[in-house]
Amino acid sequence: MVNNMNKKNYISINAEMLGRAYKVAKMDEPFKGAGGILVWSSGYGINIMGTDRNSLIFFHDENGYFGDDFHH
């Protein structure tokens with residue numbers, strides 16, 4: 001980890017949770033674009049959702065955060 005990182009333009013997210021959400025979203029291959037990933041702040045961490053239009057997976061990363069200047 002870099003010690004001098006500017007946290008104002010930084011998002012910290014659990015890579016395994018994001019990867020699993022992406023895996024669900026990319027299953028929507030025949031429809032090209034109907035699936036997706038949504039990431040938002042919960043106030044006490046970050047919520048991560050992935051969907052392929054037929055199914056949905058949701059994670060809460062209690063250690064995740066957006067930097068102060070990250071527009072969300």
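Visitor: What makes the largest group of nonpolar residues here a core, and which residues belong to it?

Guide: In this predicted model, where local features need pLDDT of at least 70, side-chain atom pairs count only at pLDDT 80 or more, and totals for chains, interfaces and linings use all residues, the largest nonpolar core has six residues, namely Met17, Ala21, Ile46, Ile48, Phe59 and Phe66. They are called a core because each is buried and of a kind on the list Ala, Val, Leu, Ile, Met, Phe, Trp, Tyr and Cys, and because they are joined through side-chain atoms within 4.5 Å. Residues are numbered from 1 along each chain as its sequence is written, and side-chain values use heavy atoms, with hydrogens and water left out.

Visitor: Which elements give two or more residues to this core?

Guide: Those elements are α1 (15-25) and β3 (46-51), where helices (H or I, at least four residues) and strands (E, at least two) are DSSP runs, numbered from the N terminus. By that reading the protein comes to one helix and five strands, which follow the pattern β-α-β-β-β-β along the sequence.

Visitor: How many strands make up the open sheet, and why do β2 and β4 count as its edges?

Guide: Three strands form the open sheet, in the order β2-β3-β4 and with antiparallel pairing; two strands are said to pair if DSSP finds at least two bridges between them. β2 (36-41) and β4 (56-61) each have a single partner strand, so one side of each is left without a neighbour in the sheet, and they stand at its edges. Neighbouring strands are turned by 15° against each other on average, direction ignored, the angle being taken between lines fitted to C-alpha atoms.

Visitor: How do you know that β2 and β3 pair?

Guide: There are six bridges between β2 and β3, in the antiparallel sense, which meets the rule of pairing.

Visitor: Why is the pair of tryptophan 40 and phenylalanine 58 called tilted?

Guide: Rings of Phe, Tyr and Trp (its six-membered ring) pair if their centres lie within 6.5 Å, with planes under 30 degrees apart counted as stacked, over 60 as edge-to-face and the rest as tilted. By this rule the count comes to one aromatic pair, and since the rings of tryptophan 40 and phenylalanine 58 have centres 5.9 Å apart and planes at 45°, that pair is tilted. Tryptophan 40 lies in β2 and phenylalanine 58 in β4, so the pair ties together parts that are 18 residues apart in sequence.

Visitor: What makes the contact of arginine 20 and glutamate 16 a salt bridge?

Guide: A salt bridge requires a side-chain nitrogen of Lys or Arg within 4 Å of a carboxyl oxygen of Asp or Glu, and the side chains of arginine 20 and glutamate 16 meet at 2.9 Å, N to O. The structure holds one salt bridge.

Visitor: What makes the phi of arginine 53 worth a remark?

Guide: Most residues other than glycine have a negative phi. Arginine 53 is not a glycine, yet its phi is positive, at about 85°. Its place is in the loop between β3 and β4, and with a relative accessible area of 49% arginine 53 is partly exposed.

Conventions:
Buried means under 20% relative accessible area, exposed over 50%, partly exposed in between (1.4 Å probe, protein chains only). Axes are lines fitted to C-alpha atoms, for helices over the stretch in contact, and angles run from 0 to 180 degrees between N-to-C directions.
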